[in-house]
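These are my notebook entries on one protein chain. I wrote down what I looked up, in order.

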Amino acid sequence: MSVTNNSESAKTDLINILYVGTDKDSIQHFSEDPGFKINVVDNGFHAIRWLEENDLPDTIFSEIFMPGMNGYALHTEILDKVRYQTVPFIIHGRGIDDNERLKSYNLGLDDIYQRPLDLEKIIVRLKFLIPFKKSQSVISVVESKQKIIQIPFIKRLFDIVFSLGVLICISPLLLVIALAIRIESKGKVFYAAKRVGAGYKIFPFFKFRSMYTGADAQL
């Protein structure tokens with residue numbers, strides 16, 4: 001299901017909102033408010049599809065409890081995609097208590113609201129959140145995540161020592177494989193593929209070449 005408010009007035013001032021859920025009262029309030037342009041999808045799976053097929057909204061406003069994928073799960077799903085990380089994500093529901101507020105804070109949601117919704121307060125909040133989140137470029141978001149991910153020294157040392165030990169043990173087999181590749185076809189024995197690791201760091205992933213040299217360019 002997809003619904004769009006077609007009001008043509010003051011388009012540049014409208015807050016373009018992706019509403020995820022089926023609460024009729026909340027949808028009606030957003031639809032009737034002149035400050036919003038509302039796009040409605042009824043569950044988290046449809047929200048992901050909508051985001052893939054449309055321009056980014058100014059904010060995502062999701063109900064907490066929905067069939068298939070609740071608001072928390074939807075937030076976790078789209079948070080992994082860098083493209084959506086500068087869009088405010090807000091959830092709402094009935095019976096919001098301190099535990100729900102703490103949970104939303106720990107999961108990194110931008111805000112949580114109790115129904116029925118007070119749109120005046122929401123507009124004030126969004127007028128701060130939207131430019132604030134947009135001012136955080138994708139690079140700054142990625143850098144902040146890189147700072148959060150820190151591997152303990154002992155674990156890093158273990159990884160290096162263990163890996164070196166394994167490589168030494170299997171080095172005769174690796175030499176046989178390298179020789180077989182060189183005999184079978186001309187070109188480099190190893191192929192470096194780009195991979196994204198922890199904190200969105202891009203690194204070269206070396207593996208034995210399994211295709212002819214230049215095959216990736218031809219594809």
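I looked up contacts (heavy atoms within 4.5 Å). Among those in the protein chain with a separation of 6 or more, 56% are between residues 24 or more positions apart.

I noted the ground rules. The model is predicted, local features need pLDDT of at least 70, side-chain atom pairs count only at pLDDT 80 or more, and totals for chains, interfaces and linings use all residues. Residues are numbered from 1 along each chain as its sequence is written, and side-chain values use heavy atoms, with hydrogens and water left out.

I checked pLDDT, the predictor's confidence in each residue, from 0 to 100. Its mean for the protein chain is 82, and 81% of the residues reach 70 or more. Over residues 6-11 pLDDT stays under 50. Where pLDDT is low, the predicted coordinates should not be read in detail.

I then counted salt bridges (a side-chain nitrogen of Lys or Arg within 4 Å of a carboxyl oxygen of Asp or Glu). The count comes to six.

I looked at Lys 133 and Asp 110, whose closest N and O atoms in their salt bridge are 3.3 Å apart. Lys 133 lies in helix H5 and Asp 110 in the loop between helix H4 and strand E6, so the pair ties together parts 23 residues apart in sequence. Helices (H or I, at least four residues) and strands (E, at least two) are DSSP runs, numbered from the N terminus. Lys 133 is buried at 11% relative accessible area, and Asp 110 is buried at 16%. Buried means under 20%, exposed over 50%, partly exposed in between (1.4 Å probe, protein chains only).
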